[in-house]
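I opened my notebook today to look up a few helix contacts and a few side chains.

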Amino acid sequence: MEKTRFESGMEQLKAIDGIGGEHVIQSLETISPDLGKYIVEFAFGDIYTRKGLTLQEREMITISSLLTAGGCEAQLEVHINGALNVGIEADKIVETFVQCIPYTGFPKVLNAIYVAKKVFKERNIVPLCK
């Protein structure tokens with residue numbers, strides 16, 4: 001039997017964001033359960049399951065996009081954890097953010113770096129700091 005979009009999406013969400021992603025969806029149950037459903041079905045069930053990019057590449061794009069958008073620190077925290085969960089090293093996350101400086105500016109990169117620093121501390125990760 002073929003999986004539903006929701007089932008495929010939850011599978012991807014758990015693989016990438018683990019408990020953090022589940023908490024986001026659960027936090028929406030009392031105010032907007034449909035929003036949680038849309039996130040799971042569309043973002044993770046339709047987009048993350050597409051062929052053509054690895055989960056690492058998808059997470060690199062995601063954290064770069066969230067940095068660029070700005071004001072997405074809560075989502076950035078979830079996806080920095082997701083990037084680490086799919087095997088992206090802390091140094092590569094930092095370098096990805098540094099690469100964004102010429103295109104988005106120092107304030108947005110600083111915000112992202114501070115979120116990364118928080119996540120790294122919580123996970124006892126010490127980047128090499130090139």
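**Entry 1: before starting.** I noted that this is a predicted model.

**Entry 2: H1 and H2.** I began with H1, which covers residues 5-27, and helix H2, which covers residues 33-47. At what angle do the axes of H1 and H2 cross? I found roughly 115 degrees, with the axes coming within 7 Å. Angles of 65 to 115 degrees count as roughly perpendicular, so I wrote down H1 as roughly perpendicular to H2. I also looked up the handedness, and H1 passes H2 in a right-handed crossing.

Next I listed who touches whom. On the H1 side I found, among others, Phe6, Met10, Gln12, Leu13 and Ile16. On the H2 side the contact includes Ile39, Val40, Phe42 and Phe44. Sorted by class, the residues of this contact are nine nonpolar, five polar and five charged.

**Entry 3: Gln12.** Is Gln12 buried or exposed? Its relative accessibility is 17%, and buried means under 20%, so Gln12 counts as buried. Then I checked its partners, leaving aside neighbours within four places in sequence: Gln12 is in contact with Phe44, Tyr48, Thr49 and Leu55.

**Entry 4: the rings.** Two of those partners, Phe44 and Tyr48, sent me looking for aromatic pairs. How many aromatic pairs are there? I counted one. Phe44 and Tyr48 form that pair, with 4.6 Å from centre to centre and 10 degrees between the planes. The pair is stacked. I checked burial here too: Phe44 counts as buried because its relative accessibility is 4%, and Tyr48 is buried with a relative accessible area of 9%.

**Entry 5: H3 and H7.** My last stop was helix H3, residues 55-69, and helix H7, residues 106-122. Their axes come within 8 Å and cross at roughly 125 degrees.

Which residues make the contact between H3 and H7? From H3 I wrote down Leu67, Thr68 and Ala69, and from H7 Lys108, Val109 and Ala112. By class, that gives four nonpolar residues, one polar and one charged.

Terms used:
Residues are numbered from 1 along each chain as its sequence is written. This is a predicted model: local features need pLDDT of at least 70, side-chain atom pairs count only at pLDDT 80 or more; totals for chains, interfaces and linings use all residues. Side-chain values use heavy atoms; hydrogens and water are left out. Axes are lines fitted to C-alpha atoms, for helices over the stretch in contact, and angles run from 0 to 180 degrees between N-to-C directions. Helices (H or I, at least four residues) and strands (E, at least two) are DSSP runs, numbered from the N terminus. Contact means heavy atoms within 4.5 Å. Ala, Val, Leu, Ile, Met, Phe, Trp, Tyr, Cys and Pro count as nonpolar, Asp, Glu, Lys and Arg as charged, and the others, Gly among them, as polar. Buried means under 20% relative accessible area, exposed over 50%, partly exposed in between (1.4 Å probe, protein chains only). Rings of Phe, Tyr and Trp (its six-membered ring) pair if their centres lie within 6.5 Å; planes under 30 degrees apart count as stacked, over 60 as edge-to-face and the rest as tilted. Angles under 35 degrees count as roughly parallel, over 145 as roughly antiparallel, 65 to 115 as roughly perpendicular and the rest as oblique. A crossing is left-handed if the near helix is turned anticlockwise from the far one by less than a right angle, and right-handed if clockwise.
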